Amino acid sequence: MVSRVFVIILALGAAVYRFTTSAHLEAVGLLGLAGGLIFLKAAEKQPALKRYAYLSFLTTAVIVGYVMYRNSR
């Protein structure tokens with residue numbers, strides 16, 4: 001099983017790479033993924049943060065959908 005910390009670091013590293021290659025929208029999606037995982041971990045102690053995790057994941061999902069739509073054209 002892949003560790004949550006490993007996925008967060010991987011997403012942040014990929015986001016930095018996407019920013020440097022001028023793919024800003026994709027980078028924001030990756031930051032949303034990492035942020036959602038961080039909020040989800042923090043929500044174990046403060047359950048109110050779970051709402052922010054879901055909002056971050058929703059941001060990632062919307063961006064993934066848009067990028068898939070854009071690339072299909």
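Colleague: Which residues does Arg4 touch, not counting residues up to four places away in sequence?
Modeller: Contact means heavy atoms within 4.5 Å. Arg4 touches Leu37, Leu40, Lys41 and Glu44 on that count. This is a predicted model: local features need pLDDT of at least 70, side-chain atom pairs count only at pLDDT 80 or more, and totals for chains, interfaces and linings use all residues. Residues are numbered from 1 along each chain as its sequence is written, and side-chain values use heavy atoms, with hydrogens and water left out.

Colleague: Where does Arg4 lie?
Modeller: Helices are DSSP runs (H or I, at least four residues), numbered from the N terminus. Arg4 lies in helix H1, residues 4–20. Arg4 and Ile38 are 34 residues apart in sequence, yet 8.8 Å apart in space, C-alpha to C-alpha.

Colleague: Which residues of H3 are buried?
Modeller: Ala53, Ser56, Thr60, Ile63 and Val67. Their cover includes helix H2 (24–42). Take Ser56: its relative accessible area is 13%, so it is buried. Leaving aside neighbours within four places in sequence, Ser56 is in contact with Gly32, Gly35, Gly36 and Phe39.

Colleague: What does H3 reach from its first C-alpha to its last?
Modeller: The expected span of a helix is 1.5 Å times one less than its number of residues. H3 (residues 50–72) has 23 residues and reaches 33 Å, close to the 33 Å expected.

Definitions and conventions. Helix = DSSP H or I, 4+ residues; strand = E, 2+ residues; numbered from the N terminus. Buried < 20%, exposed > 50% of the residue type's maximum accessible area, 1.4 Å probe, protein only.
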